[in-house]
Every structure is written in structure tokens, then in C-alpha cells.
Amino acid sequence: MPVLTATNYAAPFLLSNRHLNTIFPTLFRRVPPVQYVRERINTPDNDFLDLDFSRIGSRTAVVILHGLEGSSNRTYVTGMVNIFNERGFDTVSMNFRGCSGECNKALRFYHSGETDDLQTVIDHISPDYDHIHLVGFSLGGNITLKYVGERGSSINKQIRSAVAISVPVDLHDSSSELEKRHNTIYRMRFIRSLGEKLIEKARFYPDDISLDGLSAIRTFREFDDRYTAPLHGFKDAVDYWKQSSSVFYLSGIAIPTLLINALDDPFLGKGSYPFSAATSNPNFHFETPGEGGHVGFVTFSEKHYWSEKRAWQFISQYS
């Protein structure tokens, strides 16, 4: 049965609180620097994506997808780059549109269900590699799971496995969870960052983006209703969440795929623990450590965090 309660991660005593395990890596983790080589590639709609390569000369690549308002420079990304480089794989850290330090050209930007850009990346790198693996965090994990699920058995045969970490597979449910008081600091930080990007984009599209009322937005439902949904062709926030949630695509997964969601993740509601999907699909493996927070899994005594070692263990089986 591919549903596992992973008992081999235990949070350090000082970080047993789920919020501390979530926040600590952002504020205090130091990761050896990564020597990225950036490549800008064009998208079919005349926009661009910035990819950060860390090459060691391998014929196997791991494509890494960051979370909401992240980038290739986040420590959870560079930590994953380090472990795979050390163990013989190239990495390709994908920056979503508008997340590489420069506003993208199109009116649209990125969202939780956008898988076409990942396909553009796969098409770009596939001539250079024999095997490709995917690792996604949070929003990037939802994109990863949706991508492999919607492509099913027709997925590019070079893609051998996928790992997704701390993923809100049910976006509606997790949006409601993020509205709770204990998540206020995270929610407002995300909304403030997204708002800053909207303000910048409105300079180029003043007739398409109204900033009236932006400062009053306090929830993802409000933000997604007002901006994400209409800018990306959805009816409203609920329609966006329904079409973009990877939980509805898990049954189609046809390659070995691992989802790791800690049971104490403050961002995730009950809908983001898809036990039934894992019991019915032998390709979909689901692990639920009791601790770990959101993209936490801090390990003090070793160089690599538990989630990085677990991703390596899983992917190395299929290379």
C-alpha cells in the first residue's frame, strides 16, 4: 500500500512547534552557495521563463519548482540543488513568471494550476537529458502533481519520477485554512508580495488592472476573485481552485510519484491529505510525517534536511 506514515522524521526539540519548523529555515538556514547559470527561454505566448541551471555534466536532470512567491534562490530550493548535485545529477530551478527578479511581459503571471510553462521547460531540456525528475514545493508541488496526473500515461518517457513536498492539493480547503487566525502572518505576507507585483504590472497594463481596493484585500478568496481568476481565464476563485487543484488529477498519475505532507502543516486543511487516492493508485505514494511544518523538516545534526534526503532516496530508485 503506497500510503505511509513516515516515522523517521522527528523535529528537533526546540522546533517541535509547527510554526517554528516552518519559519526557521527562512530566517536562519544557511546553505552553501549554488553557482547557477541562467537561461531565458521564450514561451509560446511571447513571454519568457528564467531557468537557473546547476550543471555537473550529468545526463539526468532534476527540475525544481518553488512555492508561492518564491524563486530559485530560496534556501529550500538551493538545499535540494546541493543534494542532487553532490549525488551526480544536474538541476534546473524553474522561476515562475515574474519570480526571477523581473516582471514578465504578458498580462498574466503564474498560478497554482499552470502546467503549460512546465511543459515548455521539459521541451527545452529534454534533448540534453536521458532522464528527468521533478521536485515541487507547495504551489510548485501542486503544479508538479497536476502535470503528471493530467498527462497520465502519455507523459514524456524521459520523466521517470516526481516528488512533491508540503502541497495544498485541495486549494479551496487550504485557502480556508489560511484564513484562520494562526495563519494571519503568512497570509498577509503572501498577499502583500502578490500585491506589489500587481502594482508593478499595472504600470504596463493600466487599462486591464485596477488597483482600487487592493490594500483592503485580506484573504486569498478576495485576491483570487479579484485578480487571479479573471487574469487567467477563470470564472471566479472557486472555479480557479476547482480547475487547478491537483487532488482531482491524482488518479491519472502513471509514473512513480511521492507526496510528503506533514500532519502538522499549518497551511493544509483535511482535503490536502489524499489517503484514498494513494490507496487506489499504485504509482502515487503518500507519506505523512507527524511533524515538519510547511516546507520545514529541519535537521540540525546533518547537512541536508530530512525532506531533501527523502526526495533523493525516492528519485534515486528510478534513475
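## Basis of the model

The model is predicted, so that local features need pLDDT of at least 70 and side-chain atom pairs count only at pLDDT 80 or more, while totals for chains, interfaces and linings use all residues. Residues are numbered from 1 along each chain as its sequence is written, and side-chain values use heavy atoms, with hydrogens and water left out.

## Overall build

The protein chain contains 10 helices and nine strands. These elements are DSSP runs numbered from the N terminus, with helices (H or I) of at least four residues and strands (E) of at least two. The C-alpha trace spans about 50 × 45 × 40 Å along its principal axes. For 319 residues, a compact globule would have a radius of gyration near 20 Å, and the 18 Å of the protein chain agrees with this. The radius is taken over C-alpha atoms, and the globule rule is 2.2 Å times the number of residues to the power 0.38.

Of the 319 residues, 60% are buried. Buried means under 20% relative accessible area, exposed means over 50%, and partly exposed lies in between (1.4 Å probe, protein chains only). Among contacts in the protein chain with a separation of 6 or more, 76% come from residues 24 or more positions apart; a contact means heavy atoms within 4.5 Å.

## Surface and charge

The protein chain exposes about 13,300 Å², and carbon and sulfur atoms supply 52% of that area. Accessible areas come from the Shrake-Rupley method with a 1.4 Å probe, and for residues only the protein chains shown count as cover.

There are 33 positive and 36 negative charges, and their mean positions are 3 Å apart. Lys and Arg count as positive and Asp and Glu as negative, whereas His and the chain ends are not counted. Each charge is placed at NZ of Lys, CZ of Arg, CG of Asp or CD of Glu.

## Salt bridges

Side chains of opposite charge can pair when their charged atoms come close. The structure holds 19 salt bridges, each being a side-chain nitrogen of Lys or Arg within 4 Å of a carboxyl oxygen of Asp or Glu. One of them joins the side chains of Asp50 and Arg40, at 2.8 Å from N to O. Asp50 lies in strand E3 (residues 48–54) and Arg40 in strand E2 (residues 37–42), so the pair ties together parts that are 10 residues apart in sequence. Asp50 is buried at 3% relative accessible area, whereas Arg40 is partly exposed at 44%.

Arg108 takes part in a salt bridge with Glu114 (3.1 Å, N to O), and both residues are buried. Arg108 also forms a salt bridge with Asp117, where the closest N and O atoms are 3.7 Å apart. The relative accessible area of Arg108 is 16%, and that of Asp117 is 5%, which counts as buried. Through shared partners, salt bridges join Asp45, Asp47, Arg97, Arg108, Glu114 and Asp117 into one network.

## Helix H7 and its surroundings

Helix H7 covers residues 220–231, and its buried residues include Phe220, Phe223, Asp224 and Tyr227. The buried residues of H7 pack against helix H5 (171–178), helix H6 (184–204) and helix H8 (237–244). After H7 comes Gly233, with a positive phi near 85 degrees.

Leu171 is in helix H5 and is buried, with a relative accessible area of 8%. Leu171 touches Ser112, Asn142, Trp241, Ser244 and Ser245, leaving aside residues up to four places away in sequence. Leu171 and Val238 are 67 residues apart in sequence, and their C-alpha atoms are 9.0 Å apart in space.

## Thr120 in helix H3

Thr120 belongs to helix H3 (residues 116–125) and is buried at 14% relative accessibility. Not counting residues up to four places away in sequence, Thr120 touches Ile41, Asn42, Pro44 and Leu49.

## Loop residues with positive phi

Most residues other than glycine have a negative phi. Glu69 is not a glycine, yet has a positive phi of about 60 degrees. Glu69 lies in the loop between strand E4 (60–65) and helix H2 (75–86), and is buried at 8% relative accessibility.

Phe297, also not a glycine, has a positive phi of about 55 degrees. The loop that holds Phe297 runs between strand E9 (284–287) and helix H10 (306–316). At 0% relative accessibility, Phe297 is buried.
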